[in-house]
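Subject: Handover of a structure and summary of findings

Dear colleague,

Please find below the structure that I am passing to you, together with its sequence. My notes on what was found in it follow.

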Amino acid sequence: MKYTIHATCSVLMLRFMLATSAMAGSADVVVENAWARASIGTFRPGAAYMEVHNRGDEPVTLTGLRTDLAMMPEVHRTATDEQGVSSMSPAGQIVIAPSETVAFEPGGLHAMLMQLQRPMEEGESFPLTLTFSDGGETTVEVPILGIAARGPED
């Protein structure tokens, strides 16, 4: 009887530890150097940039974005073909490997902010929530820089 209880407790503890490690993914995400450029009104999309670090031991999958600033925030990727023509398209889910950083930057991955609800004005900021496949979320405050900004230091 004593061994049965001990074995049962061991199995329950193992299940809890496995569940905890599987759920730890998005809790290990850190977002740094977030910024966006000011927009010209609301008729054109805006964009936001940042570095997304996975400081954990398991991959995390970014599945979406949410902000009250835009009705359709999506992760997009800019690509340039052999003729030098650039185009943007939805990037889908982004897997961030353990101890890796994914850069959202001009000319690459970025948060495309479509159907702006108000102009993006220099000096203001807005909250941007990153959602992950494990149900976790990370929210970052994104400062809006000048329309010609090239990075967070501008």
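By class, how many residues in the lining of the largest pocket are nonpolar, how many polar and how many charged? Before I answer, please note that this is a predicted model.

**The largest pocket**

The lining of the largest pocket has 10 nonpolar, six polar and three charged residues. The space in this pocket comes to about 440 Å³. It is lined by 19 residues, and those closest to its centre are Arg37, Pro45, Gly46, Ala47 and Tyr49. Two elements, S2 and strand S8 (109–116), each give two or more residues to the lining. The largest contribution is that of S2, which gives three residues.

**The chain as a whole**

The protein chain has 154 residues, of which 38% are buried. Among the contacts in the chain with a separation of 6 or more, 67% are between residues 24 or more positions apart.

**Ala47, a residue of the pocket lining**

Ala47 is one of the residues closest to the centre of the largest pocket, and this residue belongs to strand S2. Is Ala47 buried or exposed? Its relative accessibility is 15%, and because buried means under 20%, Ala47 counts as buried. Leaving aside neighbours within four places in sequence, Ala47 is in contact with Ala36, Arg37, His110, Ala111, Leu113 and Met120. Ala47 and Ile144 are 97 residues apart along the chain, while their C-alpha atoms are separated by 10.0 Å.

Trp35 lies in strand S1 (residues 29–37) and Tyr49 in strand S2 (residues 46–54), so the pair ties together parts that are 14 residues apart in sequence. Both partners are buried: Trp35 has a relative accessible area of 4%, and Tyr49 has one of 6%.

**The hairpin of S4 and S5**

Strand S4 (residues 70–80) and strand S5 (residues 86–90) run antiparallel and are joined by five bridges. Together S4 and S5 form a hairpin with five residues between them. In the turn, Gly84 has a positive phi of about 85°. Across the two strands, Arg77 stands opposite Ser89 in S5.

Thr78 is also found in strand S4. With a relative accessibility of 19%, Thr78 counts as buried, because the limit for that class is under 20%. Which residues does Thr78 touch, not counting those up to four places away in sequence? They are Ser86, Ser87, Met88, Gly107, Gly108 and His110. His110 is also one of the residues in contact with Ala47.

Yours sincerely

Key: Residues are numbered from 1 along each chain as its sequence is written. This is a predicted model: local features need pLDDT of at least 70, side-chain atom pairs count only at pLDDT 80 or more; totals for chains, interfaces and linings use all residues. Side-chain values use heavy atoms; hydrogens and water are left out. Helices (H or I, at least four residues) and strands (E, at least two) are DSSP runs, numbered from the N terminus. Buried means under 20% relative accessible area, exposed over 50%, partly exposed in between (1.4 Å probe, protein chains only). On a 1 Å grid over the protein atoms alone, a cavity is a set of points where a 1.4 Å probe fits but cannot get out, and a pocket is an open set with protein on both sides within 12 Å along at least five of seven lines; lining residues have an atom within 4 Å of a point. Grid points are joined across faces, edges and corners, and a volume is the space filled by probe spheres set on the points. Ala, Val, Leu, Ile, Met, Phe, Trp, Tyr, Cys and Pro count as nonpolar, Asp, Glu, Lys and Arg as charged, and the others, Gly among them, as polar. Two strands pair if DSSP finds at least two bridges between them. Contact means heavy atoms within 4.5 Å.
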